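These are my notebook entries on a structure that I had not looked at before.

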Amino acid sequence: MLLFRIMFRETGLHGDTYMFNSGKDSQCKLCDMYTSETATHVFFQCPSHSELRDQYWQMLHDVAPNNLYLDMREMPLDSRMSFILSCMNDTFTQEWIPVYMIILDYITRVYKARNNIIQKDTLR
């Protein structure tokens, strides 16, 4: 369900919903990069998730076939986001199951961490 919401920009991320909610500020509230809070920013750029991102990239490095890992690292960030959300270009490969699981876990954990930070800030 989360991947579906991200694919169709119904994530609650300010940059993804900005075009539908003209009154909302699209700037990321979790960092001082002064950029739109898009899925690409949250998952691959936002400093608030850097530790988790580094941990999961190391996990991917450890389990992914070397060519897949290198190809993903070399992709522009928007292309990488599209590749991941398309389930690796709709390609199912048995040996990639650990990769799929790590990516799914990463997306889920970042999304939950982001929501927890936003909720804490809202309560202040």
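**Aromatic rings**

I first looked up how the rings group, and found that Phe-43, Tyr-56 and Tyr-106 form one aromatic cluster; rings of Phe, Tyr and Trp (its six-membered ring) pair if their centres lie within 6.5 Å, and planes under 30 degrees apart count as stacked, over 60 as edge-to-face and the rest as tilted. I note that this is a predicted model, in which local features need pLDDT of at least 70 and side-chain atom pairs count only at pLDDT 80 or more, while totals for chains, interfaces and linings use all residues. Residues are numbered from 1 along each chain as its sequence is written, and side-chain values use heavy atoms, with hydrogens and water left out.

My search of the whole structure gave five aromatic pairs. Tyr-56 is buried at a relative accessible area of 3%, and Tyr-106 is buried at 7%, where buried means under 20% relative accessible area, exposed over 50%, and partly exposed in between (1.4 Å probe, protein chains only).

I then looked up Trp-57 and Tyr-69, whose ring centres are 5.9 Å apart with planes at 70°, so this pair is edge-to-face. Trp-57 belongs to helix α4 and Tyr-69 to helix α5 (residues 66-74), 12 residues apart, and both residues are buried.

**Nonpolar core**

Which residues touch the most other members of the largest nonpolar core? Of its 25 residues, they are Phe-43, Leu-60, Leu-68, Met-72, Met-88, Val-99 and Ile-103; such a core is a set of buried Ala, Val, Leu, Ile, Met, Phe, Trp, Tyr and Cys residues joined through side-chain atoms within 4.5 Å. I listed α3 (39-44), α4, α5, α6 (77-85) and α8 as the elements that give two or more residues to this core, with the largest share, seven residues, coming from α8.

**Ile-97**

Definitions and conventions
Helices (H or I, at least four residues) and strands (E, at least two) are DSSP runs, numbered from the N terminus.
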